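Biologist: I'd like a close look at one part of this model, the strands and how they pair up. Could you walk me through it?

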Amino acid sequence: GMLGDDLSSVNKKKSIVLASISVLAFLSCAHEDEMSVKDPDSEIVTIYASSEGVPMVRNVIDDGSLSITWTSGDAINVFFGASESSKFVTSQSGEVAQFKGSIDVVTGGGEGLDDDTSLWGIYPYDEDNTCDGTYVTLTLPAVQPAAENTFANALFPQIARSRNFYMSFYNLCGCFRFSVTAPDIRYVTFAGNNNEIIAGKVSVSMDTTPVVHEVISGETELKMYAPDGGYFVPGVHYYLVVFPGTFSEGMTITYYKDSSCASYRHSKSYTLGRGVVSRFAGKDAGLTFEDIPLVDWEEGDKISGEI
């Protein structure tokens, strides 16, 4: 049958504003042909940013919407061209928030940033994220934390590129939502049936929306453990975040109990779009779980020990 059921609205992460006590200080002392460099110790920078959220989507295996907002404590990387990363943090919550931090910014003409250099933003913040002025580099983890009825915090990446201090953040990824019917499923794995790259370290370009430009270190399988070392709760929704693309031979989700597992395979080609939510609702139901060997490690055992 078709994959699909209702998708409820989910409130979470994602609209943004970088904040500054005195944006005017960036601009007021710059003349047409001069460059002005801000002293990062003297001022707090403010950038205002918004997010596109996740649009309503209707396709073969999905029907629904997500509402994504910022939460107090969220942090982003901000780069001025090929600069060192600056960390901006918000103490606000909502669809738009002020993010505060310090960054060296060069301006010309008093209207904002010059024609050659953009401000780039990456959510979530990671000290290993980089920018060379043309591409940003980030890592989507292959082992992802689970949260009930929403994305785990700091999991769903967004990118912004702007010529001024108002930044619009756009989704890089799509996601697969799943639920379970059995009360004793410990973790799941997810993979494309043709070894598609779905996570890992990538460089990203952005003209109007973010696109994976190059895979630096790709991952073909995701793993998600139930929250707090427990079991997934039947009927609750969990979200796997993946790079968008086409699964030419479909995809497989495997459910692991303490000593058995079973796989649900969707064998038709499917293209997951950027910002799209697709679903596997209760697909563990009716599967035959097969025993898998349990490994009981004694203290001091090596990981390479025999099963």
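Which residue in strand 21 is the bridge partner of A191?

Modeller: That would be E221. Keep in mind that this is a predicted model. Strand 18 covers residues 187-192 and strand 21 covers residues 221-225; the two run antiparallel and are joined by 5 bridges. Both sit in an open sheet of 6 strands, with the order 14-21-18-24-25-28 and mixed pairing. At its edges are strand 14 (143-144) and strand 28 (290-291), each of which pairs on one side only.

An open sheet of 4 strands runs in the order 12-13-19-20, and its pairing is antiparallel. Here the edges are strand 12 (130-131) and strand 20 (210-219), again each pairing on one side only. Strand 20 is held against strand 19 (residues 199-206) by 8 bridges in the antiparallel sense, and V212 in strand 20 is what you find opposite V204.

Strand 13 of that sheet also takes you to the largest pocket, where this strand gives the largest share of the lining, 3 residues. The pocket holds about 170 Å³ of space. Its lining has 13 residues, and the closest to the centre are P124, D126, T139, P141 and A154. Strand 11 (119-123) and strand 13 (136-140) are the elements that give two or more residues to this lining. By type, the lining divides into 10 nonpolar residues, 2 polar and 1 charged.

Notes:
Residues numbered from 1 in each chain as written. Predicted model: local features only at pLDDT ≥ 70, side-chain atom pairs only at ≥ 80, totals over all residues. Heavy atoms only, no water. Pairing = 2+ DSSP bridges. 1 Å grid on protein atoms, 1.4 Å probe; cavity = no way out; pocket = protein on both sides within 12 Å on 5 of 7 lines; lining within 4 Å. Points joined across faces, edges and corners; volume = space filled by probe spheres on them. Nonpolar A, V, L, I, M, F, W, Y, C, P; charged D, E, K, R; others polar.
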